[in-house]
There are 2 protein chains.
Amino acid sequence: MTRSKAYFPPLDFARGRIEIGHGSGGRATAQLIEELFGAAFDNEWLRRMNDQAAFEPPSGRLVLTTDGFVVSPLFFPGGDIGSLAVHGTINDIAMGGARPLYLSASFIIEEGFLLADLQRIVRSMAAAAGGAAVPIVTGDTKVVERGKGDGVFITTTGVGLVTPGVDISADRARPGDKIIVSGPIGDHGIAVLSRREHLSFETEVQSDSAPLHELVAAMIAAAPDVRCLRDPTRGGIAALLNELAQQSHVGMFIRERDIPVRPAVVAACEFLGLDPLYIANEGKLVAVCPSESAAAALAALRNHPLGRDAAMIGEVREDSHCFVEMETDFGGRRLVDWLSSDPLPRIC
Amino acid sequence: MTRSKAYFPPLDFARGRIEIGHGSGGRATAQLIEELFGAAFDNEWLRRMNDQAAFEPPSGRLVLTTDGFVVSPLFFPGGDIGSLAVHGTINDIAMGGARPLYLSASFIIEEGFLLADLQRIVRSMAAAAGGAAVPIVTGDTKVVERGKGDGVFITTTGVGLVTPGVDISADRARPGDKIIVSGPIGDHGIAVLSRREHLSFETEVQSDSAPLHELVAAMIAAAPDVRCLRDPTRGGIAALLNELAQQSHVGMFIRERDIPVRPAVVAACEFLGLDPLYIANEGKLVAVCPSESAAAALAALRNHPLGRDAAMIGEVREDSHCFVEMETDFGGRRLVDWLSSDPLPRIC
């Protein structure tokens with residue numbers, strides 16, 4: 001697409017803003033796609049400039065997943081909405097025991113949004129997709145009037161290939177299975193919250209936003225009979241364990257002392273009156289494994305940089321109420337219930 | 001998912017509103033998914049309640065496409081954002097010469113949005129997906145604070161299977177090829193605009209929103225050498241023809257008298273100072289065919305209810321400037337340029 005260059009000066013990424021016309025489907029849209037998205041995401045599919053991307057999938061079962069990202073603020077310690085949108089969807093694919101193949105990205109942008117910020121986000125997406133070796137092959141851009149959006153919302157959708165022989169699903173947890181978490185919890189939520197509320201803690205907490213597909217592949221290679229796999233995003237590990245308990249019709253029992261949490265996150269949670277169990281993560285997974293393969297799964301996680309602080313935190317129990325129970329640091333027990341309201345909206 | 005019922009009264013679809021907690025990932029989210037999305041979209045994939053849906057694709061090349069929908073108003077004559085989001089993505093798949101297999105749907109909802117309106121939209125999506133026999137297999141829901149969105153935005157993504165032997169792409173138009181449109185243009189844009197501006201015309205114009213995959217399949221069966229296929233959404237057939245011209249490095253020549261437009265759309269456009277060539281359609285296609293198969297393609301279109309007013313409107317020419325030129329009703333000629341600004345924002 002070279003025509004727009006002959007008519008328009010190049011986009012002014014230093015001072016320019018998104019205008020309604022950038023969503024028109026006309027020349028301004030073509031220019032935005034060419035000079036921003038095409039330049040950053042460049043690959044053979046986007047270069048054909050069709051409204052869809054075709055690919056020859058390896059044979060096997062495919063997975064499809066989609067996630068909308070509305071995080072506020074758009075930039076936070078350890079990441080931004082762009083890297084988050086890539087990692088989040090890669091992780092949803094990985095949690096199906098699948099290898100991510102292709103991503104699509106849909107942008108809903110507010111009129112007046114700074115082109116410099118959009119470029120920073122798009123480049124961050126391109127770096128995240130490149131780092132994970134998963135191309136963004138198709139996309140869409142819409143613009144809404146000032147005051148009808150909030151900067152930018154991004155929906156990413158991913159297609160992945162299921163590793164043969166793997167059957168991972170939230171309804172497969174069985175009494176006696178072990179519960180493993182791949183590292184310290186709560187980093188992402190606290191990182192976003194600290195920036196949103198302009199809080200500064202002694203140690204800055206960085207988001208754990210990261211693509212987990214290679215960590216999952218390593219774990220599955222060591223323990224192919226993993227039963228459930230999920231990433232504790234919104235609602236934290238509390239929501240995740242309640243979902244698994246309910247879908248598998250079992251109870252979950254965890255031990256507080258075994259759950260890894262960074263001291264800075266503990267301090268921030270105490271200061272803010274929050275519970276790390278409910279805080280979102282974007283680079284962690286929870287796995288449920290048969291007890292005989294749990295040690296192998298844990299060792300494989302610990303052997304990977306993204307899982308070196310993995311820990312076994314409890315086990316699955318028979319329980320017709322599907323309760324999640326925790327043995328506290330003080331030796332007591334408490335129910336880990338779902339939250340019905342949201343203490344941390346727009347965390348992802 | 002039965003647990004939420006034990007804790008919460010059912011959602012009040014008559015008077016209830018979306019709350020921030022519906023996006024929390026906790027029990028309120030689970031309840032919304034169960035009582036609204038699960039009930040409307042019900043299928044084997046959603047029932048497993050995983051964050052991704054797995055499927056066994058038929059062998060062949062797949063296409064992936066995504067589209068964000070921000071239409072305002074959400075309800076308009078002939079459709080709503082829900083049916084539009086299903087039809088739009090099915091059509092992007094169909095325009096790749098592919099058969100749609102699966103859809104995903106991501107919702108970004110503004111706090112305070114009426115549950116009754118959300119239910120109406122979701123049921124309309126379910127009806128559209130059911131009517132087209134393309135299941136919505138996975139989804140996501142986010143809630144943003146009041147004033148940070150505009151009711152609801154929906155991003156749908158689709159996976160489709162390319163019909164073997166078909167090679168359709170925007171860069172394949174060649175001098176001598178014929179240009180066909182599948183029916184009268186401008187209906188969708190005028191339908192949305194009339195509702196938005198509270199205009200009433202003598203004849204109410206209905207959106208043409210419709211799934212075109214069967215129409216495309218019929219045309220490809222009759223003319224498998226179709227070169228380019230695209231639906232004239234944002235920017236209308238003017239933007240579409242300019243895109244094809246640019247991507248194929250050719251010129252386009254069309255005749256105004258051969259382009260079908262309903263009298264009510266002509267009247268509305270005259271009243272509003274708009275040109276039907278630039279108005280969005282959501283149930284029309286433009287095809288470029290080699291001249292030897294154009295008659296067969298046209299006959300196949302006319303033989304289908306969604307293409308009965310199809311017309312041959314012009315041909316592809318050699319032109320190093322990649323111009324789109326039109327012979328007007330009065331026998332003159334004018335350049336059909338892209339619009340650089342958007343006369344009709346948020347039309348899809």
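Five strands form an open sheet of mixed pairing, in the order E6(A)-E5(A)-E7(A)-E2(A)-E1(B). The model is predicted. The contact between the chains takes 85 residues from chain A and 85 residues from chain B, and about 7100 Å² is buried between them.

**The sheet**

- At the edges of the sheet lie strand E6 (136–144) of chain A and E1 of chain B, each of which pairs on one side only.
- From one strand to the next, the twist averages 20°.
- Strands of a sheet pair through backbone hydrogen bonds, in either a parallel or an antiparallel sense.
- Within chain A, strand E5 (residues 98–110) and strand E7 (residues 152–162) are antiparallel and pair over eleven bridges.
- A:Ser106 has A:Thr155, in E7(A), as its bridge partner.
- Helix H4 (residues 81–94) of chain A packs on the sheet, where it touches E2, E5, E6 and E7 of chain A.
- The direction of helix H4 of chain A makes about 150° with that of E2(A).

**Strand pairing across the chains**

- Strand E2 (residues 62–69) of chain A pairs with E1(B) in the antiparallel sense, over three bridges.
- A:Val63 has B:Ala54, in E1(B), as its bridge partner.

**Side chains and polar contacts between the chains**

- Of the area buried between chain B and chain A, 51% is on carbon and sulfur atoms.
- Twelve salt bridges are counted between chain B and chain A.
- A:Arg48 and B:Asp171 form a salt bridge, in which the closest N and O atoms are 3.6 Å apart.
- Between chain B and chain A, 29 residue pairs are in polar contact, with both residues at pLDDT 80 or more.

**The side of chain B that touches chain A**

- Helices that each supply at least two residues of this side are H1 (3–7), H2 (27–41) and H8 (236–248) of chain B.
- Strands of chain B that each supply at least two residues are E1 (53–55), E2 (62–69), E5 (98–110), E6 (136–144) and E7 (152–162).
- E6(B) gives the largest share of the side of chain B that touches chain A, with eight residues.
- By residue class, the side of chain B that touches chain A comprises 34 nonpolar, 29 polar and 22 charged residues.

Key. Residues are numbered from 1 along each chain as its sequence is written. Chains are lettered from A and ligands numbered from 1 in the order in which they are written. This is a predicted model: local features need pLDDT of at least 70, side-chain atom pairs count only at pLDDT 80 or more; totals for chains, interfaces and linings use all residues. Side-chain values use heavy atoms; hydrogens and water are left out. Contact means heavy atoms within 4.5 Å. Buried area is the accessible area (1.4 Å probe) that two parts lose on being put together, summed over both. A salt bridge is a side-chain nitrogen of Lys or Arg within 4 Å of a carboxyl oxygen of Asp or Glu. A polar contact is a pair of N or O atoms within 3.5 Å; within protein, one must be able to donate a hydrogen and the other to accept it, and residues adjacent in sequence count only if both atoms are side-chain atoms. Helices (H or I, at least four residues) and strands (E, at least two) are DSSP runs, numbered from the N terminus. Ala, Val, Leu, Ile, Met, Phe, Trp, Tyr, Cys and Pro count as nonpolar, Asp, Glu, Lys and Arg as charged, and the others, Gly among them, as polar. Two strands pair if DSSP finds at least two bridges between them. Axes are lines fitted to C-alpha atoms, for helices over the stretch in contact, and angles run from 0 to 180 degrees between N-to-C directions.
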